[in-house]
Amino acid sequence: MTSRSSKQKGLLLPLLFLGWFVSSMDRMFINIAIVPIGNELQLDAASVGVVLSIFYLGYTLMQIPGGWLADRYGSKIAIIITILVFSLFAGLSGVAWSVTSLLIIRFLFGVGEGAFPGAATKLMSENVPPEKRSRTQSILLVAITLGGAAASLAGAFFITQIGWRNVYISLGVLGVVIALLYFLFLRSNPVKPSESATEQGVSLRSLFSSPSMWKTMLALFGLYTAMWGLNSWVPSYLMNVRKINLLDAGMYSSIPLLAGMAGYLVGGWLVDKIFVNQERLLIIFGNLLAAISIYAMFTVESLALTISAQIIAAFFIQIAYMGILAIPLKQLPSQIMGSAFGMLNTGANLASFFTPAIMGALIQAFHGSYTIAFCYLIVGNLLSLAMGLLLGTSKKLLAPAPHLHSK
């Protein structure tokens, strides 16, 4: 048993990292592929926004059920099922024959991937003590930025070589391989009766009745408005406004993602070493500096300054993100981590659903101008900053259930 446990822990981080990487690549590839897809299917800006957003409707709807399933049936089985399902619909994306079929496939693609964040976070928390979870999660979240960078760089290259349809089919096959590795080499720890969430004073009801959980969710909603607005529309902005080609757009779009990777790592270190119990300061200043950088991004003249501003924005968005993420990671028990992150990710990914569509509508309404659309992202940063201020009035995310006190 000791040998098996050591093997599990030795493989845990590499396999979870790989899972986050592939899920991010699948999710982010659309941001670069949407240009040839839009040309082939003759989409206007508003329709492009809907195609970019529809994934996140399914993804958001599955967050809480997916997290609950991981808590109820184990993180390993939840992860394997979600990887198989989203890989199936990634592959099917490559055979979409109309706008309607693409929208249906991408919605179901999102449903399939929606259980992954909660299940993966739960599996990590089962094997890592609370005081090390923020740093561990920051390492795993680096995979998101690497996956996004790979989707931009490699995606742009392979689109020019084999076409966007064949790239999607290849991503589907890759996901099946990852699911097989999880099946063979990972196991999740069953919840012991003495460690149940209920006995620790935590329940689903207490999550939804906690004002601090709602503030945290709104902080993520605002931050994801800025994050996914940049991820989804900057490649099109660079091509349509700055007049660069597809390969260059892929390259320039990948650089801020790498800056975000540094933000994850620095933020994870800061919340565990410097800003212990002061995470809200990272939320406040990270959002403030990101908002200033986004404003600079679309108001400066040169392309070099635009990319530099986007790099700074990406870095401080992830600093703020790690400040938000550290609060539940440090305070909540692993037995309910899947449900808790399902709730928080619901708020975050509602922004991922609404933002690309709203930006597309704003761009079309203002005759191709991106100015008001990017101002909308700044509003998201300010909302997240305000929630960071309000979280300073809260000592704990959850209060123990009164009836569980010893008599």
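Which residues have the most contacts inside the largest nonpolar core?

## The nonpolar cores

In this predicted model, the residues with the most contacts inside the largest nonpolar core are Leu16, Phe29, Ile79, Tyr182, Leu230, Tyr321 and Phe374. That core has 111 residues. Apart from it lies another core, made of five residues, including Val271, Leu282, Ile319 and Ala326. In soluble globular proteins, nonpolar side chains tend to be buried together.

Leu16 shows what such contacts look like along the sequence. Once its neighbours within four places in sequence are left aside, Leu16 is in contact with Ile79, Ala120, Leu123, Met124, Leu140 and Tyr182.

Leu88, Leu92, Val95, Ile169, Val173 and Val177 make a nonpolar surface patch of about 470 Å². Two helices, α4 (75–93) and α8 (164–185), each supply at least two residues of this patch. The helix that gives the most is α8, with three residues.

Leu92 is one of the patch residues and has its place in helix α4. Its relative accessible area is 31%, so Leu92 counts as partly exposed.

## Confidence in the model

The chain has an average pLDDT of 80, and 88% of the residues score at least 70. One is residues 190–201, for which the model has 18 contacts beyond four places in sequence. The other is residues 401–407, with four contacts beyond four places in sequence. Where pLDDT is low, the predicted coordinates should not be read in detail.

Note on methods: Residues numbered from 1 in each chain as written. Heavy atoms only, no water. pLDDT = per-residue confidence, 0-100. Contact = heavy atoms within 4.5 Å. Patch = residues over 30% accessible without salt bridge, like charges linked within 9 Å, V, L, I, M, F, W, Y side chains within 5 Å. Areas by Shrake-Rupley, 256 points an atom, 1.4 Å probe, with all protein chains shown as cover. Salt bridge = Lys/Arg side-chain N within 4 Å of Asp/Glu carboxyl O. Helix = DSSP H or I, 4+ residues; strand = E, 2+ residues; numbered from the N terminus. Buried < 20%, exposed > 50% of the residue type's maximum accessible area, 1.4 Å probe, protein only. Core = buried A, V, L, I, M, F, W, Y, C linked by side-chain atoms within 4.5 Å.
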